[in-house]
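Have the structure open as you read.

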Amino acid sequence: GALLYHPATGRREVLAELERTLVEELYELACGHGCAPLISCWDGRTDAILHAPADPANGGLAWFLADRERAGDRRLSECAGPLAAITGPVAALSLIHRRESLEPIRDELTARYDGRILLHWYENMYEAPWHWLTIHPTGATKARAIEILAAELGVDASELVVFGDHDNDIPMFELAGRAVAVANATASLKRHADEMIGPHTADAVVKYIGEDWRARRG
């Protein structure tokens with residue numbers, strides 16, 4: 001929800017960003033707890049995920065970086081000093097570690113920055129027991145991005161079908177006319193779903209869209 005990307009034109013529209021001074025404070029706070037965040041930003045031409053050299057003891061971060069490299073993700077950029085490498089708006093900071101390492105960071109962030117940032121906290125369902133703690137601008141939600149796109153296209157929210165798997169999809173589920181959760185979604189998200197489908201590993205979303213399209217065409 002921090003950035004809209006238009007595949008047909010390549011145009012990017014920044015909807016919300018973290019102030020640079022705030023980014024520096026948050027980054028130093030996390031590093032003080034022994035967990036250097038990933039920095040998701042945009043340099044005016046392309047998206048980037050800046051990260052410090054990986055901690056060999058952090059298997060969750062190692063899994064993420066290896067997974068992105070296998071996928072050919074060109075956004076990854078290892079930097080000795082990620083803060084100095086930022087050249088544009090910062091959309092999010094992402095911390096990956098064990099639950100017991102992230103909980104004190106989450107609690108301190110909540111106490112010091114309540115109302116100034118939006119936090120998402122969850123276990124990585126694809127690589128347990130590693131957890132994620134992501135930090136976003138307060139206006140950065142998928143629901144807000146969808147509202148903007150719907151207005152541009154002249155579409156009412158009741159016409160929308162959305163898919164999700166994590167708690168940060170809840171505002172989007174509450175907005176759309178039809179909310180569909182995959183089988184591997186969190187229990188909280190499933191409670192907000194209108195429909196349930198198979199897991200993402202079985203291409204359930206693509207199959208659902210195909211079947212729905214054929215049904216609509218009669």
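## Helix 4

Helix 4 covers residues 99-113, 15 residues in total, and spans 20 Å from its first C-alpha to its last. That's close to the 21 Å expected at 1.5 Å a residue, where the expected span is 1.5 Å times one less than the number of residues. Helices here are DSSP runs (H or I, at least four residues) and strands are E runs of at least two, numbered from the N terminus.

This is a predicted model: local features need pLDDT of at least 70, side-chain atom pairs count only at pLDDT 80 or more, and totals for chains, interfaces and linings use all residues. Residues are numbered from 1 along each chain as its sequence is written, and side-chain values use heavy atoms, with hydrogens and water left out.

## Two faces

L102, I105, L109 and Y113 are the buried residues of helix 4 (under 20% relative accessible area; exposed is over 50%, partly exposed in between, with a 1.4 Å probe and protein chains only). They cover an arc of only 60° around the axis, so they sit on the same side of helix 4; the arc uses directions from the helix axis to the C-beta atoms. The face turned away from that buried side carries the exposed E100 and A111.

The buried residues of helix 4 pack against helix 1 (20-32), strand 6 (90-98), strand 7 (117-123) and strand 8, with contact meaning heavy atoms within 4.5 Å. Just after helix 4, G115 takes a positive phi of about 90°.

## T134 in strand 8

T134 lies in strand 8 (residues 130-137) and counts as buried because its relative accessibility is 5%. Not counting residues up to four places away in sequence, T134 touches L93, S94, L118, L119, H120 and Y122.
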